[in-house]
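Dear colleague,

Please find below the structure that I am handing over to you, together with its sequence. My notes on it follow.

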Amino acid sequence: MSALHRHVVVANAEEIPPGGSKIVEVDGRSIGVFNLDGEYFAVRNACPHAGGPLCAGMRSGFVRSEGPGHYEYLRRGEFLRCPWHQWEFDIRTGQSWFDPQKTRVRRYDARIAAGAELLAEEERLAAAGLQKGPYSAETYPVRATEEYVIIEL
Amino acid sequence: MSSGTPAAGFGSIDCDVHNAVDDIAELFPYLPQRWSDYCVEHGVTSLAPAFYPGRAALSATPESRSSGRAPGADPELVRAQVLERGVDVAILNCLYAVQPIHNEDWAVAMAAALNDWQAQRWLAADPRYRASIVVPSQNPQRAAQEIERLAGHGGFVQVLLLANSQVPLGNRAHWPIYEAAAAAGLPVGVHPGVAGGNPPLPVGWPSTYLEEYAGAALAMQSQLTSLVCEGVFSRFPALKVVLLESGVTWLPSLMWRLDKNWKGLRREIPWVADRPSVVIRRHVRLSTAPFDGPLATEQARDHLPRFLDQLGSVDMLLYSGDHPHWHHRDPEQSLLQFLSPAERRQVLRDNGLATYPTILQGAAV
């Protein structure tokens, strides 16, 4: 994020209710804006893997396991699956979680975190046994005023 | 040493040698009388596997037929033709077909008799012989009991399963076998063979032996996929599986495909926390015969290094001669001559020692 933030109004707040989303166009970039239980997040609508329309993908939770036959379904509705290859991305951070190539992850850490709260969230997922993948979707800070959803570029 | 064969005294391990029962009566001393009489009264004269037609051109080397008995039936002849030719330890995988018997009680008795026969007739005949435990896979609980019965016998270094099983080998029904094998510290060898009524090819029954033999790798790939995806190695992290007599050059493409599709379908098998290729490299070993590569040496010299690059290392490969079978390529064209001396030593010896940690206990080498 550059020092000069630009605030862009992308929607009326009621257009994106909790659980909802909207794909908007800003400066020629397609961006998906998501409302997760009242919190807003924006993700670049281009999968960092192959450029697929990530934000048009299925929204689901994350499945982890402690062994064959055991399923733990985490954070329902907070993961995007790219419609092209079904790779999974965390809407809150843009981080992919399908590929445990830890050595390639750190390169992306710096532009994932949007604040102390998101960092804490990542630590919680890592503690639950999830491993980061090498890709990170581009995300933008979003803020809802009384009437508008605004993203920072 | 010659580049295509092991050398005596080197400590080389041949992980796939086939011993055969020439006459079912050889097993009668090890069977309860109820079952030996059953064989006689019902006219059961042989359980020699139909999937190796005895006189088919590829089934046995001409010299292994020299005794007039079934190829692989004579411990002295196998000694002369395997152990005296540069192999220091030979692992016997007996394919006498007790696994397709539909009466599980009879199958349990036959498997136990076959193992006791192996101990008396083979393991006692030469300290360089080792054997695989043949199990009645019809009932995995009773198969596990057979593993437990023989676990303390140092001559048995592996559990043998057949690739054409009734249900895929990763299925949880089979897990008592893996649990017992892991507890005993024994790897599980999977060898082509019919164990239940499924055809040897995924698409049905072939018309010819050629089709069946060429297709053996397909069943093995299905079993490997099943073992990984069902989470056998997640549940039994110490377990090693050895894929026998089914080639190795198909493996890189299967690993590429599994890794690729795991990224998109990972949520179906969340217990597989690493890429499938990582799991395979950690837990799976493959025997080197038959080796499927170009027939022309010049082409092989060009292609095989690429295969080895794709495989990543020779860590997964175990030397096998596959005596008395004769359906692989001539030794001088085999994989070994394309390896560096260090790699050759790995394939001939070190990988086997790591896979069968107790194999040299009490051995002559």
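Predicted model: local features only at pLDDT ≥ 70, side-chain atom pairs only at ≥ 80, totals over all residues.

A residue is buried if 20 or more other C-beta atoms lie within 10 Å of its own, exposed if 12 or fewer, and partly exposed in between. Gln86(A) has 17 C-beta neighbours inside 10 Å, and therefore counts as partly exposed. This residue sits in the loop between strand E6 (72-81) and strand E7 (88-90) of chain A. Although Gln86(A) is not a glycine, its phi is positive, at about 65°.

Glu245(B) counts as buried because 28 C-beta neighbours lie inside 10 Å.

Chain B as a whole

Chain B contains 12 helices and eight strands. Its C-alpha atoms fill a box of roughly 55 × 50 × 45 Å along the principal axes. For 365 residues, a compact globule would have a radius of gyration near 21 Å; the value for chain B is 20 Å, which agrees. Of the 365 residues in chain B, 48% are buried. Among its contacts between residues at least 6 apart in sequence, 80% join residues at least 24 apart.

The sheet

The eight strands of chain B form an open sheet in the order E1-E2-E3-E4-E5-E6-E7-E8, and the pairing is parallel. Strand E1 (13-17) and strand E8 (317-318) of chain B stand at the edges with a single partner strand each, so one side of each has no neighbour in the sheet.

E3(B) is mostly covered, with six of its six residues buried. Strand E2 (residues 89-92) of chain B is joined to E3(B) by three bridges, and the two run parallel; Leu92(B) has Ala131(B) as its bridge partner in E3(B). Four bridges join E3(B) to strand E4 (residues 156-164) of chain B, again in parallel, and Ser132(B) stands opposite Gln158(B) in E4(B). Between E3(B) and E4(B) the chain passes through helix H4 (residues 140-150) of chain B, and this β-α-β crossover is right-handed. E4(B) is in turn joined by five bridges to strand E5 (residues 188-194) of chain B, and these also run parallel. There, Val159(B) stands opposite Val188(B) in E5(B).

Two helices

In H4(B), the buried residues include Pro140(B), Ala143(B), Ile147(B) and Leu150(B). The buried residues of H4(B) pack against H3, E3, E4 and helix H5 (175-184) of chain B.

An α-helix has 3.6 residues a turn, so residues three or four places apart point the same way.

H7(B) is mostly covered, with 10 of its 14 residues buried; among them are Ala217(B), Met220(B), Leu224(B) and Val228(B). Just after H7(B), Gly231(B) takes a positive phi of about 90°.

The nonpolar cores

The largest nonpolar core has 105 residues, and Leu114(B) and Val159(B) have the most contacts inside it. Helix H3 (residues 104-123) of chain B gives the most to this core, namely 12 residues. Which residues does Leu114(B) touch, leaving aside its neighbours within four places in sequence? Its contacts are Leu27(B), Cys94(B), Tyr96(B), Val98(B) and Val134(B).

Cis peptide bonds

Two peptide bonds in chain B deserve a look. The bond from Ala289(B) to Pro290(B) is cis, with omega near 0°; Pro290(B) is in the loop between strand E7 (284-287) and helix H11 (297-311) of chain B. The bond joining His323(B) and Pro324(B) is cis as well, with omega about 0°, and Pro324(B) is in the loop between E8 and helix H12 (341-355) of chain B.

Yours sincerely

Note on methods. Residues numbered from 1 in each chain as written. Chains lettered and ligands numbered in written order. Core = buried A, V, L, I, M, F, W, Y, C linked by C-beta atoms within 7 Å. Contact = placed C-beta atoms within 7 Å. Rg over C-alpha atoms; globule rule 2.2 N^0.38 Å. Pairing = 2+ DSSP bridges. Right-handed = clockwise from strand over helix to strand, strands pointing away.
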